[in-house]
Amino acid sequence: MHTPVTIIGAGLGGLMLARVLHVHGVPATVYEADASATARAQGGLLDIHEHNGRRALQEAGLYEEFRALVLEGREATRVLAADGTALFEEADDGTGGRPEVLRGELRRILLESLPAGTVRWGHKVGAVRALGEGRHEVTFADGTVVTTGLLVGADGAWSRVRPLLSAAVPEYTGTSFVETYLFDADTRHPAAAKAVGGGAMFALAPGKGIQAHRETGGTLHTYVALRRPQEWFTDAGFTGPAAPAEFAGWAPELTALITDADTAPVLRPLHTLPAGHRWERVPGVTLLGDAAHLMIPNGEGANLAMYDGAELGKALAAHPDDTEAALTAYEQAMFARSAAEAADAADLHERMFGDDSPHGLIAMFTGAGASAGARAEVEAGACAGETV
């Protein structure tokens, strides 16, 4: 392939694309707004699924490095009632098929697999415009300008590249997460640590929930879910240490995940693009990951982004003299798989926070159609911090 690829965004999807292109000898440059790889936190645990995320890592030649990152024991699951009573429990017996890794560590191995200088840090996109004949110009906040014959938007929910292809903008789902952490919880917060257990914990009710996951050692990463208008979070001042009235009467070992937090609460409003989001082929530009198909967290966001990156990289390498054929093939397959996952995500969200919560979730775990894949979607979607 003779056209260097310009990638906007050094998340998992953009880095995976750059890595697979590198494996196939195709040059690429990644532009990232963050000043460095360590400029901000990278989210929590991710389930890496066999049918997409792990396949992408294999295409990238990084499967063994990934296996070395897996945190043992994190596939355990608990569903609790508001009073702390266990409604469902499943231990991690070592036979599960949904290994868990920290997002930041996964990003690290992707970064380390790329040639020096591939990622240009501190390049925040200011404007993007079409120049005609499949070429595009990207202007960065510092005044730097690059032109490219192949532009890929891997720049997340609020993509600056997306308007070249689509007028769609993310819409608020009606639910927000509030993120907190407890550190050294086994020693400093033993009751909360016991409630969470060794893996994921869900305490749910219609329209609300407290979800947590054990990360490394005694670190508990919590997401409080509430179905409320965005303005409610500002008006209610959900930034202090007190649990809101919505959780009055809940077991203290659960509300301690909020009230005893070792970090300031971080609000994570959940947004989605329209179901089945797609666009007509525009020469010289495409999207991947959340830029293309932002959906309700269901454990597939990171997996889909990496799979998008790997599939796009493979398509470009397979069509070195026909970029448009590569982009067409990639987009048609991506549209179909992302639409199916978005529908599953909406169903999962309703099971977790709808009128039948938490029984809809437990039925998903225990019913005749329950599967390891379903459990992976639940755990990762609730606790992995997909929307950042």
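## Strand β13 and its surroundings

Strand β13 and strand β14 (residues 208–214) run antiparallel and are joined by six bridges; strands are DSSP runs of E of at least two residues, and helices are runs of H or I of at least four, numbered from the N terminus. Two strands count as paired if DSSP finds at least two bridges between them. This is a predicted model, in which local features need pLDDT of at least 70 and side-chain atom pairs count only at pLDDT 80 or more, while totals for chains, interfaces and linings use all residues. Residues are numbered from 1 along each chain as its sequence is written, and side-chain values use heavy atoms, with hydrogens and water left out.

| Strands | Sense | Bridges |
|---|---|---|
| β13 and β14 | antiparallel | six bridges |
| β4 (residues 77–80) and β13 | parallel | four bridges |
| β8 and β9 (residues 135–140) | antiparallel | six bridges |

A200 has H213 in β14 as its bridge partner, and V79 is partnered by F202 in β13. In the hairpin of β13 and β14, with two residues between the strands, G207 takes a positive phi near 80 degrees. Because six of the six residues of β13 (residues 200–205) are buried, this strand is largely enclosed by the rest of the structure; buried means under 20% relative accessible area (1.4 Å probe, protein chains only). A200, F202 and L204 cover one side, and M201, A203 and A205 the other, all of them buried.

Methods. Buried means under 20% relative accessible area, exposed over 50%, partly exposed in between (1.4 Å probe, protein chains only).
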